[in-house]
Amino acid sequence: MNAIIFGPPGSGKGTYASILEKKLGPVKISTGDIIREEIEKNTELGKKFKDYYDRGELVPDEMVIEALKKRISESDCVEKGFILDGYPRTIPQAEALSKITTIHVIINLNVPDWIIIERLSSRRTCKKCGTNFNIKYLKPKIEGICDKCDGELYQRDDDKPEVIKERIRVYQKQTRPVLEYYKGKMQFVEFECSDPGIPPEENVEKILVELKKLGFYK
Ligand code: ADP
């Protein structure tokens, strides 16, 4: 199964994609993680990404498209399929994707703005493995430490209030239209989440029921 998990920043895409990867097998690919890795390693590409990233803007299409092409052609993705988290975010990215692979289903997360702001401003991310926690809703077992790899938790530069607003604006303007582009072209799972207190595993169970109905697994 090749899927896109779609939704505004902070809608839970990354968390759900990780659980789906564990339960179903397709590899989670997060363009945000790819970009952060380049920035962290201070590579040539990372230096170019950093300004856009810190402002909450999208990095230019051609750079992300290149990085993604490379990743989906690797053997694990070819064998197991993949779940895209954070891609495509613009129509040109969606068009580029359609030239290199086939997507079978879109999982669309509908989440009200207040939850997004609340979630992102209390989000903490592992420096080492990228897993997200939340100091209100999804606390790590030990404060400041990742449950999975013992890495240090930090607040992403783009999870600061001024930048969050800009990311939501960018989403409305550039990314939402991508949904319209896909309407009628493929299967959709629509998922509503209006209670930030529900554990992600529980939400994923509901998504799995829908994926099953569509025949994506038995
Ligand atoms: P979120 O979905 O919570 O905004 P991400 O980690 O997916 O978080 O993205 C963080 C930032 O990385 C974005 O604000 C943007 O600067 C950059 N980014 C991630 N994916 C893309 C993409 N497909 N195209 C352009 N920029 C991207």
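Strand β1 (residues 2-6) is mostly covered, with 5 of its 5 residues buried; buried means under 20% relative accessible area, exposed over 50%, and partly exposed in between (1.4 Å probe, protein chains only). Please keep in mind that this is a predicted model, in which local features need pLDDT of at least 70, side-chain atom pairs count only at pLDDT 80 or more, and totals for chains, interfaces and linings use all residues. Residues are numbered from 1 along each chain as its sequence is written, and side-chain values use heavy atoms, with hydrogens and water left out. Helices (H or I, at least four residues) and strands (E, at least two) are DSSP runs, numbered from the N terminus.

- β1 runs parallel to strand β3 (residues 82-85), and 4 bridges join them; two strands pair if DSSP finds at least two bridges between them.
- The bridge partner of Asn-2 in β3 is Phe-82.
- β1 also runs parallel to strand β4 (residues 105-110), again with 4 bridges, and here Ala-3 stands opposite Val-105.

**Strand β4 and onward to β8**

- β4 is largely enclosed by the rest of the structure, because 5 of its 6 residues are buried.
- Strand β8 (residues 187-192) is parallel to β4 and is joined to it by 6 bridges.
- Across this pair, Leu-109 stands opposite Phe-191 in β8.

**The antiparallel sheet**

- An open sheet is formed by 3 strands in the order β6-β5-β7, with antiparallel pairing.
- Its edge strands are β6 (132-134) and β7 (153-154), each of which pairs on one side only.
- Strand β5 (residues 123-126) is joined to β6 by 3 bridges, and the two run antiparallel.
- Arg-123 has Asn-134 in β6 as its bridge partner.

**Helix α7**

- Helix α7 (residues 113-121) has Ile-115, Ile-116, Arg-119 and Leu-120 as its buried residues.
- Seen down the axis of α7, these buried residues fall within an arc of 120°, so they line one face of the helix; the arc is that of the directions from the helix axis to the C-beta atoms.
- What do the buried residues of α7 pack against? They pack against α1 (13-24), β5, β6 and α8 (161-182), where contact means heavy atoms within 4.5 Å.
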